[in-house]
Amino acid sequence: MRSIWNGAISFGLVSIPIKLVNATESHSVSFRQIHTEDGGRIRYRKVCELEDREVTSSEIGKGYEDADGTIVPITDEDLAQLPIPTTRTIEIVAFVPADRIDPLQLGAAYYLGANGVPAAKPYTLLREALKRSNRVAIAKYALRGRERLGMLRVVDDVIAMHGLLWPDEIRAPEGVAPDANVTVRDKELDLADALMDTLGEVDLDDLHDDYREAVEELIAAKTSGEEPRETAAPARSGKVLDLMAALEGSVRAARESRAGGSGGAGDAGEAGDAGDAGETEEAEHAEVRDLRKKKTPAKKAAGAKKSAAAGAAKKAAAKKQAAKKTTAKKSTPRRRSA
């Protein structure tokens, strides 16, 4: 992989020469803007608004626009003279537990590779120290003309770095939460828990971009002169009027999906009939109770075992009582009539 930055990790008095490479890549399909009438490319030209003429890249510099619209020219020499100690250094400033980092801060990801044979030993030292401590390193570095914050962690046998937003760049979520006072019932939470348990986990490697694949198929069809394959439009979900019904339907759908469609139709049909008949609240949550029972087969088996034992004991006691009565009957002397 091509490096985009060369420098060193500053780890106390230890310096580790490294090269920085991108850890991610975009697979999005790119489009060009065209003139719809004749298919010609649409291009943007850089024009000076004072001279009204196109300018070349060598004539273009930087400028800061003040509040009153005044442009303050800033040259590369001005920026080069600024005291940024991390220009060619990733300076580690602290080691913290990984859960101290808010995911909202995470940005671009990079791999840090040892740059040369002499860097192998200190690179491995830092990698193993991070592994053993179960912590991540917080560092400052400069990239593309500005100082940035980063987090170093170990991925397999490589040190990776995530760019971090500065804490003052994270906006407070003011006014985002619902204003209304909403009460969530325990039974609604039970259904939500059941839905989460039914959906279960997923192997992230199995997930893929369906939209990108559809775009690629469309382009391939148009390139070969074929008619693009028609796809069914996704069903639009209406306004949810009954949250409980929506949750129960979601649980049933998830169970049927997990089971490959076997055994799910009967459950759905029974629920539909009960709904048409105006099922009671107890019946509405029967499926949740069923899910709970399935989640605890050991408890269910223990309960059944206990019930069977209690039943057997009860029968034995009844037999014993009957035997006592029979014995008493036999031992009682009969009165003779005079």
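Predicted model: local features only at pLDDT ≥ 70, side-chain atom pairs only at ≥ 80, totals over all residues.
Lys131 is partly exposed, and its relative accessible area is 34%. Two salt bridges of Lys131 deserve a description.

One partner of Lys131 is Glu128, and the closest N and O atoms of this salt bridge are 3.7 Å apart. How far apart are Glu128 and Lys131 in helix H2? They are 3 residues apart in that helix, which covers residues 120-133, so about one helical turn separates them. An α-helix has 3.6 residues a turn, so residues three or four places apart point the same way. Glu128 itself counts as partly exposed, at 37% relative accessibility.

The other partner is Asp157, whose salt bridge with Lys131 has its closest N and O atoms 3.3 Å apart. Here the two residues belong to separate parts of the chain: Lys131 lies in helix H2, while Asp157 sits in the loop between strand E10 (146-155) and strand E11 (158-164), so the pair ties together parts that are 26 residues apart in sequence. Asp157 is partly exposed as well, with a relative accessible area of 49%. Taken together, Arg127, Glu128, Lys131 and Asp157 are linked in a network of salt bridges.

The count of salt bridges in the model comes to 11. Let me describe one more of them. Arg53 forms a salt bridge with Glu59, and here the closest N and O atoms are 2.9 Å apart. Arg53 is partly exposed, at 34% relative accessible area, and Glu59 is partly exposed, at 43%.

I turn now to backbone angles. Asp52 has a phi near 55°, which is a positive value in a residue other than glycine. Where is Asp52 found? It is in the loop between strand E3 (47-48) and strand E4 (53-54). Asp52 is exposed, with a relative accessible area of 65%.

Asn134 also calls for attention, with a phi near 55°, again a positive value in a residue other than glycine. Asn134 is placed in the loop between H2 and E9. Is Asn134 buried or exposed? At 64% relative accessibility, Asn134 counts as exposed.

Another loop residue is Arg100, which is placed between strand E7 (89-97) and strand E8 (106-114). Arg100 counts as exposed, at 59% relative accessibility. From C-alpha to C-alpha, Arg100 and Val136 are 9.4 Å apart in space, although 36 residues apart in sequence.

Rolling a probe the size of a water molecule over the atoms shows where empty space is left. The second largest pocket has a volume of about 290 Å³. It is lined by 13 residues, and those closest to its centre are Leu79, Ile84, Thr87, Gly145 and Arg146. Two elements give two or more residues to this lining, namely helix H1 (76-80) and strand E9 (135-143). Which element gives the most to the lining of the second largest pocket? That element is H1, with 3 residues. By class, the lining of this pocket holds 7 nonpolar, 2 polar and 4 charged residues.

Finally, let us consider helix H3, residues 186-199. At 1.5 Å a residue, the 14 residues of H3 should span 20 Å, and the end C-alpha atoms are 20 Å apart, which agrees. Which residues of H3 are buried? They are Glu188, Leu191, Ala194, Leu195 and Thr198. Seen down the axis of H3, these buried residues fall within an arc of 120°, so they line one face of the helix. The face turned away from the buried side of H3 carries the exposed residues Asp186 and Met196. Just after H3 comes Gly200, which takes a positive phi of about 70°.

To close, I return to the starting point. Thank you for your attention.

Technical notes: Residues numbered from 1 in each chain as written. Heavy atoms only, no water. Salt bridge = Lys/Arg side-chain N within 4 Å of Asp/Glu carboxyl O. Buried < 20%, exposed > 50% of the residue type's maximum accessible area, 1.4 Å probe, protein only. Helix = DSSP H or I, 4+ residues; strand = E, 2+ residues; numbered from the N terminus. 1 Å grid on protein atoms, 1.4 Å probe; cavity = no way out; pocket = protein on both sides within 12 Å on 5 of 7 lines; lining within 4 Å. Points joined across faces, edges and corners; volume = space filled by probe spheres on them. Nonpolar A, V, L, I, M, F, W, Y, C, P; charged D, E, K, R; others polar. Expected span 1.5 Å × (residues − 1). Arc of directions from axis to C-beta.
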